[in-house]
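Thanks for coming. I will take a few minutes to go through one structure. Please look at it while I talk.

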Amino acid sequence: MERTGPRRARSASAKQQRQRAILDAARSLAGERSVREVTLTDIAAAVGLHKSAMLRYFETREQIFLELTAEGWREWSAALRAELGALPAPGPRAVAALVARSLVARPLFCDLLAQAPLNLERNVSLDAARAFKRTALGEVASIVTVLGELLGLAGREATDVVSTATGMAGALWQMAAPGTGLRTLYESDPELAHAVVDVEPRLARILEALLTGMRTAGTAPAPDQGAGRRVGQAATSGTPTRSR
């Protein structure tokens, strides 16, 4: 009898291809709905596998989405650093607006930022959680270097900015509930209008206030005129430079 359906990936390259197909399917499904609503069965059906066969490639559904979160960190960090380096006049308002805009332009990443600490990290092995944290913290460190060059922030302050930006982006995205029945309800009922959250401007205001407060408190001296140019060069070359 001729066997039908996908064959088990036996070689390392075949396994990597199957893992990539699973990740792509999960990304597509989560983009259509939300991370919370996508089940392992949904992903298995999208790639033509039985749910039990999925465990050959990922230990849990949560590991699939945690890997997508790590990919989101790498992609967002690289893009943000390049855009920050290209700012002609970096200041609290311009930086805050750019960071907010870059996050809202990545709705799946915003969704994943909320799900990761609440659910995803708690339902994978410690090895998987460790690998994810190392990726995320490495990207935070890269962004911190650029923010320090642009705004004269100390490492701790710049880290607080990144943590606030990503934490609030995840929380505000859940509150905004885009594309859901709740969002439709909020927008259609005048009594619930206060529940409508416009993520980008609210996040930008929060970040601008934080950055302005740091500068007012004296923790962030004004950058010199050449800071933006040097950070732009650093973002392109991959080697950060320090203000003299």
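**Helix packing around α8**

I start with one contact. From α6, Pro107, Cys110, Asp111, Leu113, Ala114 and Gln115 meet Thr166, Ala169, Gly170, Trp173 and Gln174 of α8. Contact here means heavy atoms within 4.5 Å. By class, that contact has six nonpolar, four polar and one charged residues. For the classes, Ala, Val, Leu, Ile, Met, Phe, Trp, Tyr, Cys and Pro count as nonpolar, Asp, Glu, Lys and Arg as charged, and the others, Gly among them, as polar.

Before going on, a word on where this comes from. This is a predicted model, in which local features need pLDDT of at least 70 and side-chain atom pairs count only at pLDDT 80 or more, while totals for chains, interfaces and linings use all residues. Residues are numbered from 1 along each chain as its sequence is written, and side-chain values use heavy atoms, with hydrogens and water left out.

Now the chain as a whole. Its secondary structure comes to 11 helices and zero strands. Helices (H or I, at least four residues) and strands (E, at least two) are DSSP runs, numbered from the N terminus. Of the 244 residues, 44% count as buried. Buried means under 20% relative accessible area, exposed over 50%, and partly exposed in between, with a 1.4 Å probe and protein chains only. If we take contacts between residues at least 6 apart in sequence, 68% of them join residues at least 24 apart.

Back to α6 and α8. At what angle do their axes cross? Helix α6 covers residues 107-120 and helix α8 residues 155-176, and their axes come within 8 Å and cross at roughly 100°. Axes are lines fitted to C-alpha atoms, for helices over the stretch in contact, and angles run from 0 to 180 degrees between N-to-C directions. The two helices are therefore roughly perpendicular to each other. On that scale, angles under 35 degrees count as roughly parallel, over 145 as roughly antiparallel, 65 to 115 as roughly perpendicular and the rest as oblique.

Apart from neighbours within four places in sequence, Cys110 is in contact with Leu103, Val104, Ala169, Gly170 and Trp173. Cys110 and Ala171 are 61 residues apart in sequence, yet 8.3 Å apart in space, C-alpha to C-alpha.

Next, α8 itself. This helix has 22 residues and reaches 31 Å from its first C-alpha to its last, close to the 32 Å expected at 1.5 Å a residue. The expected span is 1.5 Å times one less than the number of residues. Among the buried residues of α8 are Val161, Val162, Ala165, Ala169, Leu172 and Trp173. An α-helix has 3.6 residues a turn, so residues three or four places apart point the same way. Just after α8, Ala177 takes a positive phi of about 50°.

α8 passes α10 in a right-handed crossing. A crossing is right-handed if the near helix is turned clockwise from the far one by less than a right angle, and left-handed if anticlockwise. The α8 side of this contact includes Val161, Ala165, Ala169, Leu172 and Trp173, and the α10 side includes Leu203, Ile206, Leu207 and Leu210. The residues of this contact divide into 15 nonpolar, one polar and three charged.

α10 also meets helix α5, residues 92-104: their axes come within 8 Å and cross at roughly 145°. This crossing is right-handed too. Among the contacting residues are Val95, Val99 and Leu103 of α5, and Leu203, Leu207 and Leu211 of α10. By class, the α5 contact with α10 has 13 nonpolar, one polar and five charged residues.

Two residues of α7 next. Beyond its neighbours within four places in sequence, Glu139 is in contact with Trp73, Arg74, Ser77 and Arg81. Leu150 is also found in α7, and counts as buried at 0% relative accessibility.

Last, a loop residue. Arg56 lies between α3 (51-54) and α4 (61-85). Arg56 is partly exposed, with a relative accessible area of 40%.
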